[in-house]
Amino acid sequence: MSFTHRLRVRYSECDQQGVVFNGHYLFFYDVAFTELWRERIGPYSEMVERGFDVVVAEARIRFVEGARFDDELDITMEIEHLGTTSLIIRPVFRVGERLVADGEIRHVFVDATTLTKKGMPDDVRAALSG
C-alpha cells in the first residue's frame, strides 16, 4: 500500500545553507503519517479513545540531496511490514523526480494508558493492507 502527501517547504524550515534542516524530515514524516492515518483509518484520536496508540520505536533517514525553500516535497509512504504489534513504513521524500531522502520508521502499537505493547487492531490491519 502506498500513500503520498505533498507539503511546501517553508523558509523557517531551512538552515544557513538554504536547505531543509535535517531534523525537520521526521516532522514532515509525522505530518504525512497523520494524513495517511486520516485517509485510510480515520481520525487518530478515535483510535486513542478505543485504547490504542502508536509510538515510534525506531527511525532511520538517509539524506541524499536537500530540499529548499518553497519546494513542493512529496512524501510517499510505503507500508513495508505489518506485524502483530508493529508496522514498518518506508518514507521516500522527493521534489519532482529528485530523490531528497528516504528511510524506515518502525511503529509499535501500545495501550493508550499504560503504553505497554498491544496487538494491532484488526480494522487498522485491514485498512493498511489495501
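Reader: Let me begin with charge: how many positive and negative side chains does the chain have, and how far apart do the centres of the two sets lie?

Author: Good place to start, and keep in mind that this is a predicted model. The chain carries 16 positive and 22 negative side chains. The centres of these two sets lie 3 Å apart.

Reader: How do I judge the overall shape of the chain?

Author: One way is to set the radius of gyration beside what a compact globule would have. For 130 residues that would be near 14 Å, and the chain, at 15 Å, agrees with it.

Reader: What share of the residues is buried, and how much accessible surface does the chain have?

Author: Of the 130 residues, 41% count as buried. The accessible surface comes to about 7100 Å², and carbon and sulfur atoms account for 48% of that.

Reader: What should I look for inside?

Author: Here is the general idea: in soluble globular proteins, nonpolar side chains tend to be buried together. In this model, the largest nonpolar core has 33 residues, and Tyr25, Leu73, Met77 and Phe93 touch the most other members. Elements that each supply at least two residues of this core include β1 (2-8), β3 (72-82) and α3 (122-129). Helix α1 gives the most, with seven residues.

Reader: Which residues is Phe93 in contact with, leaving aside its neighbours within four places in sequence?

Author: Among them are Tyr25, Phe28, Tyr29, Ile61, Leu73 and Val100. Its partners also include Asp74, Arg98 and Asp102.

Reader: Now pick a residue in a helix for me. Is Leu36 buried or exposed?

Author: Leu36 lies in helix α1. Buried means under 20% relative accessible area, and Leu36 has 1%, so Leu36 is buried. Leaving aside its neighbours within four places in sequence, Leu36 is in contact with Met1, Phe3, Ile41, Met77, Ile79 and Ile89.

Key. Residues are numbered from 1 along each chain as its sequence is written. This is a predicted model: local features need pLDDT of at least 70, side-chain atom pairs count only at pLDDT 80 or more; totals for chains, interfaces and linings use all residues. Side-chain values use heavy atoms; hydrogens and water are left out. A nonpolar core is a set of buried Ala, Val, Leu, Ile, Met, Phe, Trp, Tyr and Cys residues joined through side-chain atoms within 4.5 Å. Buried means under 20% relative accessible area, exposed over 50%, partly exposed in between (1.4 Å probe, protein chains only). Helices (H or I, at least four residues) and strands (E, at least two) are DSSP runs, numbered from the N terminus. Contact means heavy atoms within 4.5 Å. The radius of gyration is taken over C-alpha atoms; the globule rule is 2.2 Å times the number of residues to the power 0.38. Accessible areas come from the Shrake-Rupley method with a 1.4 Å probe; for residues, only the protein chains shown count as cover. Lys and Arg count as positive and Asp and Glu as negative; His and the chain ends are not counted. The place of a charge is taken as NZ of Lys, CZ of Arg, CG of Asp or CD of Glu.
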